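Hello,

Here is the structure we spoke about handing over. My notes follow below it.

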Amino acid sequence: MVMKVGDKVKFTGHGYRRAIAYRYKDIFKNKTYEVKEIRKSCCNSFLVLKGVDGMYSERFFTKI
């Protein structure tokens with residue numbers, strides 16, 4: 001499922017090592033976020049979310 005600017009997403013990447021190491025579950029909790037911007041590298045897409053600093057791999061989120 002391709003994500004677009006304006007989509008609503010929830011954090012679902014609890015099992016990823018990076019998410020565990022950086023305690024993403026504590027940052028994102030069980031809230032819904034809106035995609036503000038999508039940035040792409042050669043093989044990854046990163047989401048910039050409204051209300052959260054930084055950019056995060058889209059693999060950590062599910063569109064709702």
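I64 is exposed, at 57% relative accessible area (exposed is over 50%, buried under 20%, partly exposed in between; 1.4 Å probe, protein chains only). Bear in mind that this is a predicted model: local features need pLDDT of at least 70, side-chain atom pairs count only at pLDDT 80 or more, and totals for chains, interfaces and linings use all residues. Numbering runs from 1 along each chain as its sequence is written, and side-chain values use heavy atoms, without hydrogens and water.

I64 sits in the segment after β5 (61–63). Beyond its neighbours within four places in sequence, I64 contacts K8, V9, K10 and T32 (contact: heavy atoms within 4.5 Å). K8 is 56 residues away along the chain, yet the C-alpha atoms of I64 and K8 are 5.7 Å apart.

Now the whole protein. It has two helices and five strands (DSSP runs numbered from the N terminus: H or I of at least four residues, E of at least two). The order along the sequence is β-α-α-β-β-β-β. The radius of gyration is 11 Å, close to the 11 Å from the globule rule for 64 residues, so the protein is as compact as a globular protein of that length (C-alpha atoms; the rule is 2.2 Å times the number of residues to the power 0.38). The C-alpha trace spans about 25 × 25 × 20 Å along its principal axes.

Buried residues account for 30% of the 64. Of the contacts between residues at least 6 apart in sequence, 50% join residues at least 24 apart.

Best wishes
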